[in-house]
Amino acid sequence: MTQIRLRPPPTYEQLRTMTGQELGVSDWTTVDQSRIDQFAECTGDRQWIHVDPERAKRQSPFRATIAHGYLTLSMIGALALDMGIVPENTQAVFNYGFDKVRFLAPVRAGARIRLRITLLSMEDKGPGQYLMKAANIVEIEGEKKPALTAETLVMLYERRRRRAGP
């Protein structure tokens, strides 16, 4: 999931002027059966369509196991951080919520996905505190339909500058 960054991350000043612009596209990452199984174990969602490849091959309309929708949704944060879109002088980044989440197509075990992000807004919420709203599209390699779309809300805290002197 890592790639060489050819440009530095945007500054807070730049982000404020980038509403409506694409912030980036992540590298492709594989959603393999092992990842799906680990997610099932963590969440307790062991539905056969996710964890039983033989039964899925016989009975699923997709003829393979598929990732949990929430697994795909949960990958947005890591893919976004890997893209290098958080300003360098950021002290902390917190999930604030989601708007308009839609699961549009299944992610079959072994498929590769990537994230495309467009900045919707950057709102000042106090000194050094910003609420970023972004449109996210999780694309599936070789598929016309994306896996999901979601608007993310992320709270960013700018690192405070230390005062000079005694």
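Begin by selecting helix 5 (69-82), strand 3 (90-103), strand 5 (129-140) and strand 6 (148-158), each of which supplies at least two residues of the lining of the largest pocket. Helices (H or I, at least four residues) and strands (E, at least two) are DSSP runs, numbered from the N terminus. The model is predicted: local features need pLDDT of at least 70, side-chain atom pairs count only at pLDDT 80 or more, and totals for chains, interfaces and linings use all residues. Residues are numbered from 1 along each chain as its sequence is written, and side-chain values use heavy atoms, with hydrogens and water left out.

Keep helix 5 selected: six residues of the lining come from it, the largest share. The pocket has a volume of about 310 Å³. A pocket is an open set of points on a 1 Å grid over the protein atoms alone, where a 1.4 Å probe fits, with protein on both sides within 12 Å along at least five of seven lines; lining residues have an atom within 4 Å of a point. Grid points are joined across faces, edges and corners, and the volume is the space filled by probe spheres set on the points.

Next, select I76, G77, A80, N95 and V154, which are the closest to the pocket centre of the 21 lining residues. The lining has 15 nonpolar, six polar and no charged residues. Here Ala, Val, Leu, Ile, Met, Phe, Trp, Tyr, Cys and Pro count as nonpolar, Asp, Glu, Lys and Arg as charged, and the others, Gly among them, as polar.

Centre the view on I117: beyond its neighbours within four places in sequence, its contacts (heavy atoms within 4.5 Å) include L23, A80, I85 and A134.

Two residues other than glycine with positive phi come next. R63, with phi near 60°, lies in the loop between helix 4 (53-59) and helix 5. K100, with phi near 50°, lies in strand 3 and is exposed, at a relative accessible area of 58%.

Finally, display the whole protein, which has five helices and six strands. Buried residues make up 36% of its 166 residues.

Conventions. Buried < 20%, exposed > 50% of the residue type's maximum accessible area, 1.4 Å probe, protein only.
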